[in-house]
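Here is my note on the two-chain model. Please read it beside the coordinates.

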Amino acid sequence: MVSIETILSFTPVLAGLFTLAMIIYSLRVFTSKNLGDAVLAIDALTVDLIVLMILVALYYRTPYLLIGVIPLASWIFLLDLIVSRYLEKRRSK
Amino acid sequence: MIDTILFYLGIGLLFIGGVMDIIASIGFFKFKDFYTRLHAATVGAIGGGFYPLLGVALAVMGLDVDLWFKAVFSGVSLITAAIIALGVPAGSHILARSVYRSREVEPAVIADRLREDLEGGGSN
């Protein structure tokens, strides 16, 4: 059995890695020229946010932060679907 | 023994996921076109989301905690990993299709046969 204090030494480093990736993705969101780049970067940001939420919940040993994780993962697909419907409708006008 | 193996396998998957996520974000920032950025976004979703969630599910199973804690953490991680592995490739695919068809971004190619077929008066 591995003690739970072992994972407390790994989670800040991992959270730092994912936060650095989120910062670089958000630079591309703010400088994107078209809607496709922004939506694709927001998808990647949401995936990183899911991993960060699970890491924070593991660090504080509480399961309550996990409530929002599965709806957040479903929002990725819904955002793509809504934006692509909007683009297809704008073409037909 | 099996707990230690599971824990360090999960931590290894988490570190691989973090490094792949940083590589994907640098690629996402450096690539010039929307259609090349799709490759980096796939690396960021599968390498930066699917592998770390599997790693959390494996690492929690090796910890010295209660059974409900292991069940909640590994269950939520596995379900979210399944949703990401199914939803993100399908979502980026429909996004690429609608961006191409609505002329939001024109691909940098010499000859575009699909565009000719779509607008060539055929059965669209």
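Is Leu35(A) buried or exposed? The first point answers that, after the conventions.

This is a predicted model: local features need pLDDT of at least 70, side-chain atom pairs count only at pLDDT 80 or more, and totals for chains, interfaces and linings use all residues. Residues are numbered from 1 along each chain as its sequence is written, while chains are lettered from A and ligands numbered from 1 in the order in which they are written.

1. **Leu35(A).** Leu35(A) is buried, with 20 other C-beta atoms within 10 Å. The cut-offs are these: a residue is buried if 20 or more other C-beta atoms lie within 10 Å of its own, exposed if 12 or fewer, and partly exposed in between, with C-beta atoms placed from the backbone. Leu35(A) sits in helix α3 of chain A. Leaving out residues up to four places away in sequence, Leu35(A) touches Val83(A) and Glu104(B). Contact here means that the C-beta atoms of two residues, placed from the backbone, lie within 7 Å. Leu35(A) and Val83(A) are 48 residues apart in sequence, yet their C-alpha atoms are 8.5 Å apart in space.

2. **Chain A.** Chain A has four helices and zero strands. Its pattern along the sequence is α-α-α-α. Helices (H or I, at least four residues) and strands (E, at least two) are DSSP runs, numbered from the N terminus. The radius of gyration of chain A is 17 Å, well over the 12 Å that the globule rule gives for 93 residues, so chain A is more spread out than a compact globule. That radius is taken over C-alpha atoms, and the rule is 2.2 Å times the number of residues to the power 0.38. Along the principal axes, the C-alpha atoms fill a box of roughly 60 × 25 × 15 Å. Of the 93 residues, 33% are buried. Among contacts between residues at least 6 apart in sequence, 49% join residues at least 24 apart.

3. **Chain B.** Chain B also comes to four helices and zero strands, again in the order α-α-α-α. The C-alpha box, along the principal axes, is roughly 65 × 30 × 20 Å. Buried residues account for 40% of the 124. For contacts between residues at least 6 apart in sequence, 67% join residues at least 24 apart.

4. **Interface totals.** How many residues of chain B are in contact with chain A? There are 48, and they meet 46 residues of chain A. On the chain B side, α1 (2-30), α2 (34-61) and α3 each supply at least two residues. The largest share, 18 residues, comes from α3(B). By class, this side has 28 nonpolar, 14 polar and six charged residues. Ala, Val, Leu, Ile, Met, Phe, Trp, Tyr, Cys and Pro count as nonpolar, Asp, Glu, Lys and Arg as charged, and the others, Gly among them, as polar.

5. **The α3–α3 pair.** The axes of α3(A) (residues 35-60) and α3(B) (residues 67-101) come within 10 Å and cross at roughly 175 degrees. The two helices are therefore roughly antiparallel to each other. Residues making the contact include Val39(A), Ile50(A) and Leu58(A) from α3(A), and Phe73(B), Ile84(B) and Val99(B) from α3(B). By class, the contact has 11 nonpolar, five polar and one charged residues. Axes are lines fitted to C-alpha atoms, for helices over the stretch in contact, and angles run from 0 to 180 degrees between N-to-C directions. Angles under 35 degrees count as roughly parallel, over 145 as roughly antiparallel, 65 to 115 as roughly perpendicular and the rest as oblique.
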